[in-house]
Amino acid sequence: MIEHTTPETKQQCRVVLAGNLVAKPEIRYRANPVVPVAEFVVATNNSWFDKKTNQFKDWTTFHTCHFEGLGVEEQFLYADKGQLIFLQGAIATGNKKNGLKDLIQVESLSVLGKGVHSGMNQIFCNATINSDIKVVQTENNSLLTEFSVTINQPAFQDKDHHFKGQKIERLVHLWGKSGQYIHDKCELGSEILIEGWLSYVSNNKSQQLIEAKKVIICPKG
């Protein structure tokens, strides 16, 4: 029988991005105590080979990021549109006026020189499958496996300097025969390790999607 992961089980999530600032970051300050905060967008670029046209094509992905603490002023005081950013963090779900939004909670960040970068977009996490695993064949005769996961990751400090855990849910796509293997071997509650990159749902650019490159099934405890 599958042993289901409880909210007390802490899981890991690591996002690594290298891309360009879409606009000059705006620094604001939260009171009691005064903490500098910045929300900004980083564009990552990558190339892929289109077999239909026999040419390489470029793809740009836009990531909303949240950064707070003393490092905001240190890094962003003179940062401008187009500068290359290298950051590490984790996926998170924050509040907005009309509901929730997916973002990257930044843990560390460096501002580098200007110029379009080829981009770096990586995500590593362990998670628990929380939905049925579906395998479909696309119009191009490719196999696509789709399922959702929950990540019970340790939290960041809130405005009162308390640590709060956050339960993150994300959709996962896995292409090819490896997806069929996951379909056959996993079920609701299975724990897995994921290596891939961060993408966004085609009809909702603010909703994060994990494009898995590799999925490892964790042994049952």
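**Aromatic rings, a core and a strand pair**

The structure holds two aromatic pairs (rings of Phe, Tyr and Trp, the last by its six-membered ring, pair if their centres lie within 6.5 Å; planes under 30 degrees apart count as stacked, over 60 as edge-to-face and the rest as tilted). One of them joins F40 and F76 edge-to-face, with 4.9 Å centre to centre and 80 degrees between the planes. This pair links distant parts of the chain, since F40 sits in strand β3 (residues 35-50) and F76 in helix α1 (residues 70-76), 36 residues apart. Helices (H or I, at least four residues) and strands (E, at least two) are DSSP runs, numbered from the N terminus.

Before we go on, a word about what you are looking at: this is a predicted model, in which local features need pLDDT of at least 70 and side-chain atom pairs count only at pLDDT 80 or more, while totals for chains, interfaces and linings use all residues. Residues are numbered from 1 along each chain as its sequence is written, and side-chain values use heavy atoms, leaving out hydrogens and water.

Now find F67. F67 and F76 form an edge-to-face aromatic pair too, at 6.2 Å centre to centre and 85 degrees between the planes. Together, F40, F67 and F76 make one aromatic cluster. F76 is buried at 1%, and F67 counts as buried at 5%.

Which of its 39 residues touch the most other members? They are F40, F76, L87 and I194. Leaving aside residues up to four places away in sequence, F40 touches several residues, including L21, H63, V106 and L109, where contact means heavy atoms within 4.5 Å. In soluble globular proteins, nonpolar side chains tend to be buried together.

Finally, turn to strand β1 (residues 13-21). Eight of its nine residues are buried, so β1 is largely enclosed by the rest of the structure. Six bridges join β1 to strand β7 (residues 120-129), and the two run antiparallel; strands pair if DSSP finds at least two bridges between them. V16, for example, has Q122 in β7 as its bridge partner. Strand β7 also holds I123, which counts as buried at 0% relative accessibility. Among the residues that I123 touches beyond four places in sequence are C13, R14, V15 and I194.

Note on methods: Buried means under 20% relative accessible area, exposed over 50%, partly exposed in between (1.4 Å probe, protein chains only). A nonpolar core is a set of buried Ala, Val, Leu, Ile, Met, Phe, Trp, Tyr and Cys residues joined through side-chain atoms within 4.5 Å.
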